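The following account leads the reader through selected features of one protein model. Please keep the sequence and the structure in view while reading.

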Amino acid sequence: MAGSALSVEEFLKECQKSGDAAYGAFRSLLERLEDPNTRTAARIFLSDLYKSVGDSDQCLEQYHFQIQDIYLDQYQGLGSQGRKKLTMMVIPSIFMPENWSYTFYEGLNRHPDSIFKDKTVAELGCGNGWISIALAEKCLPSKVYGLDINPRAVKVSWINLYLNALDEKGQVIYDAEKKTLLDRVEFYESDLLSYIRDHNIELERIVGCIPQILNPNPDAMSKMITENASEEFLHSLSNYCALQGFVEDQFGLGLIARAVEEGITVIKPMGIMIFNMGGRPGQAVCKRLFERRGFHAADTDISALVEIEKNSPHRFEFFMGLTGDQPICARTAWAYGQAGGRIAHALSVYSCQLRQPNQVKKIFEFLKNGFHDVSSSLDLFFEDDSVADEKIPFLASFADQLKENSCFPYEPPAGSIYFRNLIASFLKTYHHIPLNSDNVVVFPSRAVAIENALHLFSPRLAIVDEHLTQHLPRKWLTSLAIESAEGDDPSKDVITVIEAPRQSDLMVELIKKLKPQVVITGMAHYEAVTSSAFAHLLEVTREIGCRLFLDISDHFELSSLPSSNGVLKYLAGTSLPSHAAIVCGLVKNQVYADLEVAFVISEEETILKALSKTVEVLEGNTTPIRQHYYGCLFHELLAFQLANRHPVVKRESEKAKSDKLIGFSSSASSVLDYSELSISGAEISTLIHMDVDQSFLPTPSPVKAAIFEGFVRQNLAESEIDVTSGMKQFIKRNYGFPTDSSTEFVYADSTQALFNRLVLCCINEGGTLCFPAGSNGNYVSAANFLKANIMSIPTDSGTGFKLTGSLLDGALQTVNKPWVYISGPTINPTGLLYSSKEMETILTTCSKFGARVVIDTSVSGLEYNIEGWGGWDLEPTLSKLNSSRGQSFCVSLLGGLSLKILSGALKFGFLALNHPLLVDTLHSFPGLSKPHSTVRYAIKKLLGLNEQKSELRVAVAEQSKNLQSRCQRLKETLEKCGWDVLEPQGGISMVAKPSAYLNKVIKIRHSPKDDGKATGTYEVKLDDSVIREAMVKSTGLCINSGLWTGIPGYCRFTFALEESDFKRALDCITKFKDVINN
């Protein structure tokens, strides 16, 4: 039948049989319209058909189709030259034009024709195609794609296109630009924008009149969609929608929500979306659908809405009659309609345009790649444009970071090189201060920077601005030991801090009278405008011979038009003297009020290096996400400015009289000079780090999703970021550590910072910190830096250098007020495991001596060689010991979650305390850098996932297998190269002894900075003191030597590297063997 032409009577007789028969007849007619040879005759046939049946509703009932005229002149302005009407056909199985589609077209017409002219447009849910054709006729777009999920609707739309592109005689109708509707309009079967996406089409306008009622029969929506499906099913596609997995489903707006998100991926930067929005959910809900996705937004069965109202507090809006102005809910409207009343609802046409389209596109591209669940939390609506201008670029950049990188890379303790470059560039570009990244050290917060500086110098007396003392240790603020008697034990020295007013003349008077060794102050606002007060402070402190740290946090503006700043003006023209440094806390962001990072700038290399070491020793490092956030702000601001074309002239720092200035404390100098800290220098980017307690393994998708969701959310409730209940479950399930209502949980950005607070508590009590030989070398260095009394407990190779009850008993016999540090279940650095039985023996011995015990779990959670181990359950032992203990015995649990939940980018440390006196002492040292609310949100979510059989649990198991494989590969390589390996059972490190190399002499090439020589060599005899240096200089591989591990001769290798770096590390180990043999 497709190949032959029927008479009108025969055609009608065929249509009369059924709706499916009518559709088949029109499909055959469409084939003739598509063929240029039969097109004219087919169009004339349509004219004859229309004349025969007219446009009565009886035609639809009798012949299962209807042809009718839609008059456009009522929608067109005065003087419009376009055609006055369109002739359109419909069949029962497609959407029938109703009042709301006409209202939608009215809404489109409120826009000037110019917004569609020459644009690429898509209409979603085109039905019989009349709006696509009308837009093409009136506005002359470049192309309109009419899209519908109903295959019959697409066929009917093509028929209507030919019906209006050709006149009654079958001749082509040309518009003012000599184009036809066939040039401008195409129709395709498409689930929303799938056709556009699959064909890489970029749109400038998206319009849509989309169903907003959930199908009363959800199962019907899951059927395969074909043009041979039943009329009832195909009709339901045009009038109902299925659940889409969006929060807007509860209002029947899920399909529009999906359309908006799909539109973001295909629309051009200045594109516009226009949708009909039934007012049933209320105008506020309709508007918010667009706004939370980053936009500026300017009759069916309703029983499904009644069901929604039953299960939620939301009330839909209906009206009694067309003139009603008092809204009623869906249930009332349903009852009123059932009784014969006429109900109505508001209908709005929303036109919306993306703010910052390129960035919003990046966000949604990230979300569609496995992070759809986060979409429900996405909220890009902001009352204040300045908030949007800050948050949206950050989210886009952060999405890129999470998408492109499997983990956050290693950064030096001084801070991300990229971030420090941005700070220096900002100061250079906006304030004309010729600095570079080497002049900047990054800290977690201003309070941390100030406290670290005071620990570094340990001044007898410091004067500190009263606005900056709130986070300093209470002991420093109450001490009256302004003068120290000669010969006193330096470990007993107490820093005395005198609080001073911020007013510079009063500060200067105090400096002259008290002659402090360190001054830390800010400046009053009225004094900060000019540089005179700052210059006076520099002069007075130079004369007295004291260090000056000037805080400019209150006056430093992250703005493209920063106001005058006297300190920065001074630095633009004069170098910073060697006795002075600038402190700046970045807290003035528009979005996250409690997200802070700080930096110190100096032009004295020695001070900068020492300050960066304090970060490593006392904090670990500064959270990369904090640096990334403020890095985005600096990047955006620098994008406003042209780069300086003139090279920066390096200037020399003005030297103060060194004999007067206080130097580093003896303990700080000892740690900085002799401890094994990170390797710095120009070659840092090429080094491979097997010397850091950080995982560079791929971050699983659930972790990325939780991190991103934390930043996406707005107005986080306290209950959403309270991690304590989750932490209690976590430590009970993993370690059997008992908690009750009196247990105090303290959180920080790192376990290192929490450990150092415990060291200060130990010092405060006059205790002795006992480390087993074979402990975390960074912790030992920190305890030395803070002047703690330290004792090393010998261990032996027979037990794998583990602490035993007998060794501990012998060591504690002569120790007063012992504090015992234990790493477990997984031991850092050896990777061996303590069993519950071993811990029972150790804890029983500690209880005997009334020791305070710190159990560090920070490298636990990824165990693999666990046959016969059985895990930990400390509760029975602790319950027994606590019931009979003395007043001093207690056990504190220290740890982090980065390894256990594979959250490499999330820095989160916890400390569980069960002793009231210890809690009070710890809180007297208040300067901790606390995890930001977004981090706590992510941690809470991940703790919940970790308790379930989730994708995260699977990822943890896979990472454990990966580490076991790495462990084996590393062990085999080391043994082939002459190392004696102690095989680990868990964690990310192992220890090995270079037995074949000890006492051998090798030649090492000087680095460019060694004595100024670029090429010469020198000889070294391999032992604990030089093995690390020899390895890094000959191969570029960083490891920890026996000086770090505390086990003579045994070096540490961490192996949670990126795969490519791990392979390079194995090559370096082999290369080192070749260097020695040659």
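C1051 has a relative accessible area of 0% and is therefore buried, a class that means under 20% relative accessible area, with exposed meaning over 50% and partly exposed in between (1.4 Å probe, protein chains only). C15 likewise counts as buried, at 0% relative accessibility. The model is predicted, so that local features need pLDDT of at least 70 and side-chain atom pairs count only at pLDDT 80 or more, while totals for chains, interfaces and linings use all residues. Residues are numbered from 1 along each chain as its sequence is written, and side-chain values use heavy atoms, with hydrogens and water left out.

Zero disulfides are found in a search of the whole structure, a disulfide being a pair of cysteine sulfur atoms within 2.5 Å. For C15, which is in no disulfide, the nearest cysteine sulfur is that of C59, 8.3 Å away.

The next feature is a sheet. Seven strands, in the order β20-β26-β25-β24-β23-β21-β22, form an open sheet with mixed pairing. Strands here are DSSP runs (E, at least two residues), as are helices (H or I, at least four), numbered from the N terminus; two strands pair if DSSP finds at least two bridges between them. At the edges lie β20 (744-748) and β22 (789-793), each of which pairs on one side only. From one strand to the next, the twist averages 20°. β20 runs antiparallel to β26 (residues 909-913), and five bridges join the two. Within β26, G909 is the bridge partner of A748.

The largest cavity holds about 700 Å³ of space. On a 1 Å grid over the protein atoms alone, a cavity is a set of points where a 1.4 Å probe fits but cannot get out, whereas a pocket is an open set with protein on both sides within 12 Å along at least five of seven lines; lining residues have an atom within 4 Å of a point. Among the 38 residues that line the largest cavity, G620, N621, D693, Q694 and K907 are the closest to its centre. Both α30 (751-765) and α31 (777-785) supply at least two residues of this lining.

The second largest pocket has a volume of about 550 Å³. Its lining comprises 26 residues, and S397, Q401, Y418, Q627 and H628 lie nearest the centre. Helices α15 (357-368), α16 (385-404), α17 (417-431) and α25 (624-638) each contribute at least two lining residues, with the largest share, seven residues, coming from α25.

Methods. Grid points are joined across faces, edges and corners, and a volume is the space filled by probe spheres set on the points. Axes are lines fitted to C-alpha atoms, for helices over the stretch in contact, and angles run from 0 to 180 degrees between N-to-C directions.
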